[in-house]
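My notes follow in the order in which I looked things up.

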Amino acid sequence: MPVSPGDSDLARAARPQTTALFVAVLLVSTCGLVYELAAGALASYVLGDSVTQFSLVIGIYLSAMGLGAYLSRFLETGLARRFVDLELAVALVGGFSAPVLFLCFGHITHFRPILFGVVALVGTLVGVEIPLFLRILRQRLEFKDLVANVLSVDYLGALVASLLFPLLLVPRLGLVRTSLAMGLVNALVGLWSTWLLAEELRAPGWVRARCALVILACGAGLLGAGRLTSLAEEALFTDPIVYARQTAYQRIVITAGRGSFQLFLDGNLQFSSADEYRYHEALVHPTFAAAARHRSVLVLGGGDGLALREILRYPEVQQVTLVDIDPAMTSLATELPMVRELPDDVRFDVVIVDFPDPNNFSLGKLYTTRFYRLLRAHLATGGAAVVQSTSPLLARVSFWCITTTMEAAGLFVRPLHVAVPSFGEWGFALARAEPFEPPRSVLPGLRFLSDAVLPGLFQFGPDVSRVPAEVNRLDNQVLVQYYEAEWRRIE
């Protein structure tokens with residue numbers, strides 16, 4: 001469909017076939033960016049340090065796209081057929097990238113070369129698409145319109161992908177189904193192109209047969225995605241999985257075996273039923289012992305309800321406000337009250353802060369001076385707060401960074417630690433808005449804590465004693481850097 005000199009821009013844009021080709025470009029570019037985002041999210045999920053993993057994935061992916069664009073120059077004949085075959089290759093490699101990488105992580109020691117190799121391969125294939133498409137369309141549009149329109153639609157696809165991926169695809173489908181769904185889209189675009197580019201294709205029947213096979217493969221992958229995810233996760237966890245759910249915020253997995261069950265969020269152990277009482281007794285009861293009153297209690301995090309169980313041992317508690325970002329966590333414990341909005345003027349006698357470890361910058365902001373100043377402002381007179389502070393043994397600088405940051409926010413801090421077999425040595429930071437001495441007694445009848453055991457929690461041996469650490473602020477997030485460096489060293 002050559003362009004005649006008299007054709008107007010409006011007339012050209014109105015041609016149904018040309019418009020359909022631009023829709024195909026939009027779909028192709030959307031899928032390409034989703035593969036990149038999925039690889040970055042997967043790398044962060046299994047390797048941690050989201051900034052590093054996303055930076056490496058994006059850098060390798062974009063470089064590979066540049067390589068693909070260069071290699072496209074060597075495709076000289078049968079461009080329409082090669083474009084369809086390229087879409088099928090992207091569908092298979094990109095579509096199955098997430099399940100394959102999850103499986104590899106659980107079974108192969110040297111995972112990073114495989115991860116970055118897959119990212120480079122997908123990026124190279126995707127990099128060929130747009131240059132090849134430009135060459136196919138060059139007889140249909142003037143060059144200036146061709147480049148402007150194709151690149152505009154390509155960038156629009158990037159916007160579509162960046163919105164769909166976090167808001168719809170991952171929360172509703174999870175990473176495995178998302179990559180397979182994009183693979184299916186690429187395969188369908190390949191099949192659709194056999195009609196859009198029918199004039200340039202010879203023997204389109206065979207090409208369509210190949211498209212049908214790849215569509216069936218991606219469709220079968222989607223139907224079996226649950227099993228693929230289970231196979232991947234079974235390699236990551238020691239005990240059998242009895243519950244798994246992807247929410248808008250995290251992957252929730254519960255495993256059971258050897259007389260106990262364990263809760264994992266994004267692959268990180270949150271508790272084991274065999275010894276969680278040691279953690280939650282050390283988290284809650286010293287804080288209650290340090291507080292002047294116990295009428296109103298705030299729990300930040302702790303959607304599993306186990307801290308609440310310890311709190312409700314105190315009959316003088318009149319109100320408990322539980323705030324957890326993920327409603328799916330609170331629904332695991334049906335006896336919990338509804339999550340409420342936290343009014344700005346409310347003050348609490350006891351505050352329990354049980355956030356996940358600061359292993360990324362989204363969580364790291366909850367350990368900054370800004371957050372602790374807000375925490376201090378919500379403490380009632382004589383009120384006490386406790387903050388989960390990771391391991392003083394395995395992440396020593398991180399632990400003391402939290403204490404240093406709380407002190408910089410105007411809190412008086414008494415660090416403590418406890419041995420939890422599932423975690424190892426674990427630490428907390430007990431704080432008040434005024435100077436105080438460590439508590440000397442706790443509620444009687446607990447499984448682990450007693451008046452005799454309590455003083456030892458506030459004593460630190462030479463291997464876990466205080467070390468210098470910077471203050472964690474929003475503009476530096478040094479705690480996340482400490483944490484990643486220390487935990488990476490022991491992996």
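**Entry 1: the hairpins**

I began with β2 and β3, which pair in the antiparallel sense over six bridges. The model is predicted, so I read every value below as computed from it. In this pairing A256 stands opposite F261 in β3. Two residues separate β2 and β3, and together the strands form a hairpin. I checked the turn: R258 has a positive phi of about 55°.

Next I followed β3 (residues 260-265) onward. It pairs with β4 in the antiparallel sense, over four bridges. L263 has its bridge partner, F271, in β4. This is a hairpin again, with two residues between β3 and β4. D266 sits in that turn, and its phi is positive too, at about 50°.

Is β3 mostly covered or mostly open? I found it mostly covered, with five of its six residues buried.

Five bridges join β1 to β2 (residues 251-257), and the two run antiparallel. I241 stands opposite T255 in β2.

I moved to strand β7 (residues 348-354). How many of its seven residues are buried? The count is seven of seven, so β7 is largely enclosed by the rest of the structure.

I listed its pairings. β5 (residues 296-301) pairs with β7 in the parallel sense over five bridges. There V299 has I352 of β7 as its bridge partner. β7 also pairs with β8 (residues 379-388), in the parallel sense and over five bridges. In that pairing V351 stands opposite A385 in β8.

**Entry 2: the cysteines**

The cut-off is 2.5 Å between the sulfur atoms. C31 has a relative accessible area of 2%, so I logged it as buried.

C104 is in no disulfide either. The nearest cysteine sulfur is that of C218, 18 Å away. C104 has a relative accessible area of 15%. Buried means under 20%, so C104 counts as buried.

The largest cavity holds about 100 Å³ of space. It is lined by 14 residues, and the closest to its centre are Y35, A39, S97, L101 and V119.

Which helix gives the most to this lining? It is α2, with five residues. α2, α5 (97-107) and α6 each supply at least two. By class, I noted ten nonpolar residues, three polar and one charged.

**Entry 3: the second largest pocket**

I turned to an open space. The second largest pocket has a volume of about 270 Å³. Of its 17 lining residues, S29, M65, V126, I130 and D154 are the closest to the centre. α2 (16-47), α3 (50-71), α6 (111-137) and α7 (143-196) each supply at least two residues of this lining. I counted the classes as eleven nonpolar, three polar and three charged.

Last, I looked up A289. It is found in helix α10 (residues 276-290). Is A289 buried, partly exposed or exposed? Its relative accessible area is 35%, so A289 is partly exposed. I also checked A289 against L169. They are 120 residues apart in sequence. In space, their C-alpha atoms are 46 Å apart.

Key
Residues are numbered from 1 along each chain as its sequence is written. This is a predicted model: local features need pLDDT of at least 70, side-chain atom pairs count only at pLDDT 80 or more; totals for chains, interfaces and linings use all residues. Side-chain values use heavy atoms; hydrogens and water are left out. Two strands pair if DSSP finds at least two bridges between them. On a 1 Å grid over the protein atoms alone, a cavity is a set of points where a 1.4 Å probe fits but cannot get out, and a pocket is an open set with protein on both sides within 12 Å along at least five of seven lines; lining residues have an atom within 4 Å of a point. Grid points are joined across faces, edges and corners, and a volume is the space filled by probe spheres set on the points. Ala, Val, Leu, Ile, Met, Phe, Trp, Tyr, Cys and Pro count as nonpolar, Asp, Glu, Lys and Arg as charged, and the others, Gly among them, as polar. Buried means under 20% relative accessible area, exposed over 50%, partly exposed in between (1.4 Å probe, protein chains only).
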